[in-house]
Amino acid sequence: MPVNAAVIRGVQKLVLYETRARYFLVGSNNAQTKHRVLKIDRTEPRDLVIIDDKHVYSQQEVRELLGRLDLGNRTKIGQKGSSGLSRAVSAHGIVGFVRFLEGYYIVLITKRRRMADIGGHSIYKIEDTNMIYIPNDSVRVTHPDEARYVRIFQNVDLSSNFYFSYSYDLSHSLQYNMTLLQTPCDAGESEELNTSGRQDSFDIFEEEGLPTQVVYGLINEPYAKYVWNVRLLERVKDIVHPDWLLYIIHGFCGQSKLLIYGRPVHVTLIARRSSRFAGTRFLKRGANCEGDVANEVETEQIIHDASVMSLTAGSFSSCVQVRGSVPLYWSQDISTMMPKPPIRLDQADPYAHVAALHFDQMLQRFGSPIIILNLVKKREKRKHEKILSEEFYPAITNLNQFLPPEHGIEYIAWDMARYTKSKLCNVLDRLSMIAENVVKRTGFFVNRPDFYCHTLRPDERWGDLGGKVTPNGRLQTGVLRTNCVDCLDRTNTAQFMVGKCALAYQLYALGMIDKPKLQFDTDCVRLFEELYEDHGDTLSLQYGGSQLVHRVKTYRKIAPWTQHSKDIMQTLSRYYSNAFSDADRQDAINLFLQVFQPSESKPHLWELPTDFYLHHSDTMVLPQQQHSYTHWWTDGVLTFLPSPYDEAQCEKNRRKVTVKRVNRFEESIDIYTEFFKPYELTSFDDTFSIAMTNSAREFMPKTLGLDPSPFTVRKPDESTKSVLGKSSKEEAVLQRKTAASAPPPPSEEQISSSSEDDSEEEREEDGTASQRSTPVRLTEPSDSSRLHEDPPQQRLPPVRETYGLNLLVNPPDEDLLIYHRFAHLGQNQHKVERRDDMKKLDAGLSLAPVSLFPSDSIYEVSAPEVDVQSRAVFECHVQTGRGWVRTLCHDDVLMYREYIKNRYM
């Protein structure tokens, strides 16, 4: 049966040519062997007129076409001074087309940077864009407010955390993409790809009658919820070829390299921010009428063996988590200049209608069980966060009474802020217990069956693992949904602990470690912690306007006292952003996502008192169909549970996939050629130019004698780099210099009261409590005293630290005995010959041959035996050098035929 493969988009390099009447957008694949042309009319002042030339041009044909266009658009025939066709800009993709009050604009990606690699599929970050006005100046109808809309639109910085890929669907999880490749395709529903090109070309092997090896190329419809330019491409989606459509996501993408004794393992973190009900911190809270919640982010961690670059042959594993606001109708009044605006419930929802819509989406995408980890406060002097918990839990109870008990929504409420203040409880220990239970319930995705070593050395925790076991590996069923009020600091720490627990199971499943358990202060966990904090800082900047205030080190209670001043600055930055800049950012997001479309017949965007009506469609139009309060899930969802409905093999999902029958050597599915580019001269810097966030080498100790394993617990003075960006020795020196004049370290109560985790009432309540300082032990006492005695210049490391042993001490008697035996073996090994009269000398020592050769001496070695196949290859090589050409085999004929067809025809 033919195999499946993902189709690489055929438009990766674009050049925009300009004439007075038209724009010609020429797009080509990476090898520049196939070109497409898009014609954009510039004579229409308001409409977008696009003509997609369906013909696929070769490089020579497109040069002739551009030459004719240049010649035909000159003002005078035969004039060579002024060109009729000018090159405007080069690009890597189209973001979309947008119109405000005048004509249309085209937004092009002009710079990109490779951020990650997943099985040869490159993920790029947008570095720069160009927004070009399409209509000619002669037909332009100006409007006084056009420039203001352009400025608002450009407030969405496309060079900040927007990502795309030509061959990998970033809007779906790795489990979805790989499950799709393993789904059998119906040959009757497939269609030919590039049939016209095959008919026009001449096949020199046509008369030999060799069969063509068929591969099914799959083009999947993206998940629109996590695509940010769906509305910008909606106008041309049905007009142009799918190769022109490039979908981008917003959020975070980072990749780090973990070295396990030289074996490279890539740890990739991808965060997809929802484009529905998107906005800033205080302006977007709760959910809208369609069940879309604010600050909804899907985080996926992917672990794969980087030594094998293939989605089908490599070893991959992934785990997905979700964060999002509490799915209720609630908001916060920002009219008063308060750091903590009061929480209010906007609408009564006794039947949990909006929560039902939200969890219906989650059941379709993730399956069951849906586990909710609610981290908001339970005990407050004045009700603030507790209002949400009192409404959220009854809503879950109401929905669960209609679901089957085995697929019910699980609810875990834990006051993380109160545990942080406790002197007896460890926050991360409790989170580790929750994470262990969550991973055992949902499982994770892995694309290979269990190793035999798991049977030889079974682990009791591995046998209790949940999810769905298949012949090809494991599938994740269900997901953890974490929320606090802002879904920033506490949520990121909780997700890190769940990700750390899942990382141990993933490495165990891939055969990297012998037990599914990872300890803190190892190179692996430090690398993963820094990756997660970059992820948290990025999401916090996008939603809250500042970086994280509370980090993992804060909850571990090992953060230095200097971190407290940074927390205060981040809190002030967040407050300033929420008070002064969030409104402008919200207008830009509404305009970019086309939630608001300007028109001369309605008020301008800056004249609207609120955007509530833009995000709640039922307030303007009555719903056509009333959603059931009891049967609140979509038809067919329960049939496939616990597996997700979106991954089921049903008719609805088959219509989302386009199947193309292509040749095995077709460029549109050849990931190897796409990545390594064997047809051109490349360099290592260009081929492997992935912007790695971190590598395990940065955390490994630089001295000899220490275990280089990334799973060994390090002391603070053994690590090269800490998560805060400084080495532990630098932190120790900084702490000693400032300890005499600095105030005491902040207590857990003070740390916990500087951001959104605490209200003003709790600060008053904790004001009378005794402050307990938490000193940070970074070096041993003997080390600190030794550092005071050292001169200012850097001292030489001790001999034992450099060579692993002390050369000034005589070796013990056991080691000397071993050395004498080794020397005696060497003396007897290098004898000239062994004769019968020398048996007396060998009586004291019995020597056995250690080589596979029959004779074992330095003077005589038997030649190794050569098998028949190797001898035939060598003889063929010699005959070819003499001018004798052998008959090509079947695979060589296929490969040469495709090479001739792709390169010269």
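I started at P642, which sits in the loop between α17 (637-640) and α18 (651-654). My helices (H or I, at least four residues) and strands (E, at least two) are DSSP runs, numbered from the N terminus. The bond I wanted there is the one joining L641 and P642: a cis peptide, omega about 10 degrees.

Ground rules before going on. I am working on a predicted model, where local features need pLDDT of at least 70, side-chain atom pairs count only at pLDDT 80 or more, and totals for chains, interfaces and linings use all residues. Residues are numbered from 1 along each chain as its sequence is written, and side-chain values use heavy atoms, with hydrogens and water left out.

**Cis bonds and positive phi**

I noted another cis peptide bond from S368 to P369, with omega near 10 degrees. P369 falls in the loop between α6 (353-366) and β19.

Then the backbone at N295: phi is positive, about 50 degrees, although this residue is not a glycine. N295 belongs to the loop between β14 and β15. Is N295 buried or exposed? I get 5% relative accessibility, so N295 counts as buried; the cut-offs are under 20% relative accessible area for buried, over 50% for exposed, and partly exposed in between (1.4 Å probe, protein chains only).

D521 also has a positive phi without being a glycine, here about 65 degrees. I found D521 in the loop between α12 and α13. Its relative accessibility is 25%, so D521 goes down as partly exposed.

**Whole chain**

I counted 28 helices and 25 strands in the chain. Of its 905 residues, 49% count as buried. Among contacts (heavy atoms within 4.5 Å) between residues at least 6 apart in sequence, 73% join residues at least 24 apart. The chain exposes about 45400 Å², and carbon and sulfur atoms supply 53% of that; the areas come from the Shrake-Rupley method with a 1.4 Å probe, and for residues only the protein chains shown count as cover.

**Cores**

Which residues have the most contacts inside the largest nonpolar core? I have L431, F444, F496, L507 and L518, in a core of 56 residues. By nonpolar core I mean a set of buried Ala, Val, Leu, Ile, Met, Phe, Trp, Tyr and Cys residues joined through side-chain atoms within 4.5 Å. The elements that each supply at least two residues of this core include the strands β13 (249-260), β14 (263-273), β15 (297-305) and β19 (370-374). Among the helices on that list are α9 (427-442), α12 (489-509), α13 (523-543) and α14 (552-556). The largest share, 12 residues, comes from α12.

Strand β2 (residues 13-18) pairs with strand β3 (residues 22-28) in the antiparallel sense over six bridges; two strands pair if DSSP finds at least two bridges between them. These two form a hairpin with three residues between them. L14 has G27 in β3 as its bridge partner. β2 is also joined to strand β6 (residues 86-91), antiparallel, by five bridges. For V15, the bridge partner in β6 is S90.

**I94**

I94 is in strand β7 (residues 93-99). Its relative accessible area is 4%, so I logged I94 as buried. What does I94 touch, leaving aside its neighbours within four places in sequence? My list for I94 is L14, L25, I106, V107, L108, N229, L233, W244 and L246. I checked one of these by C-alpha: I94 and I106, 12 residues apart along the chain, are separated by 7.6 Å.

**H604**

Last stop, H604, in the loop between α15 (562-592) and α16 (612-615). H604 is at 14% relative accessibility and therefore counts as buried. Its side chain makes a polar contact of 2.9 Å with that of D145. I take a polar contact as a pair of N or O atoms within 3.5 Å; within protein, one must be able to donate a hydrogen and the other to accept it, and residues adjacent in sequence count only if both atoms are side-chain atoms. Not counting residues up to four places away in sequence, H604 touches L101, D145, Y149 and F596.
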